[in-house]
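Trainee: I'm new to this one. Can you put it on the screen and take me through it?

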Amino acid sequence: VPVIVNNWTSMPELVKPGITGEVCEIISKRFTALGSYAGIPSTESLFNCMMKIYNADRESMSKAAREYMLEDYDTAKVYAKHWSPFLRRLELEIYGK
């Protein structure tokens, strides 16, 4: 921490650019042998992200990243907000109770 993620699939929402890390742009996507696409990062964007983090107050970014994860992605909070209601609906659908 701080982190650099690609602006591809599920990673950008985990970073607040300039606060908890940086988001690297992709230049293309390619189909893989696994039957899915992979985003190819821009080396220029990656370099710029690395320089931003190198020149930033990494201690502050680390603290901000930790607070952000605990605020929005803590397992107890995710369970209470998303999983518990889903499991209740599933139980009603299966058992009708």
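Trainee: How many aromatic pairs does a search of the whole structure find?

Mentor: The search finds three. Rings of Phe, Tyr and Trp (its six-membered ring) pair if their centres lie within 6.5 Å; planes under 30 degrees apart count as stacked, over 60 as edge-to-face and the rest as tilted. One of them joins phenylalanine 31 and tyrosine 37: the ring centres are 5.2 Å apart and the planes stand at 75°, so this pair is edge-to-face.

Trainee: What am I looking at, and how is it numbered?

Mentor: This is a predicted model, in which local features need pLDDT of at least 70 and side-chain atom pairs count only at pLDDT 80 or more, while totals for chains, interfaces and linings use all residues. Residues are numbered from 1 along each chain as its sequence is written, and side-chain values use heavy atoms, with hydrogens and water left out.

Trainee: Which rings make another pair?

Mentor: Tyrosine 68 and tyrosine 73 do, with centres 6.0 Å apart and planes at 80°, so they are edge-to-face. Tyrosine 68 is buried at 10%, and tyrosine 73 is partly exposed at 33%.

Trainee: What sits over the ring of tyrosine 37?

Mentor: The charged end of lysine 29 does, 4.9 Å from the ring centre. The rule is NZ of Lys or CZ of Arg within 6 Å of the ring centre and within 35 degrees of the ring normal.

Trainee: Which residues in H1 are buried?

Mentor: Ser45, Cys49 and Ile53 are. They cover an arc of only 70° around the axis, so they are on the same side of H1; the arc is that of the directions from the helix axis to the C-beta atoms. On the other side, Thr43, Glu44, Tyr54 and Asn55 are exposed.

Trainee: And what covers the buried residues of H1?

Mentor: The cover includes strand S1 (3-6), strand S2 (21-24) and helix H2 (58-72). Contact means heavy atoms within 4.5 Å.

Trainee: How many salt bridges does the structure hold?

Mentor: One. Glutamate 59 forms it with lysine 63, the closest N and O atoms being 4.0 Å apart. A salt bridge here is a side-chain nitrogen of Lys or Arg within 4 Å of a carboxyl oxygen of Asp or Glu. Both residues lie in helix H2, four residues apart, about one turn of the helix.

Trainee: Last one. Which residue has a positive phi although it is not a glycine?

Mentor: Threonine 9, with a phi of about 50°. Most residues other than glycine have a negative phi. Threonine 9 is in the loop between S1 and S2 and counts as exposed, at 64% relative accessibility.

Technical notes:
Buried < 20%, exposed > 50% of the residue type's maximum accessible area, 1.4 Å probe, protein only. Helix = DSSP H or I, 4+ residues; strand = E, 2+ residues; numbered from the N terminus.
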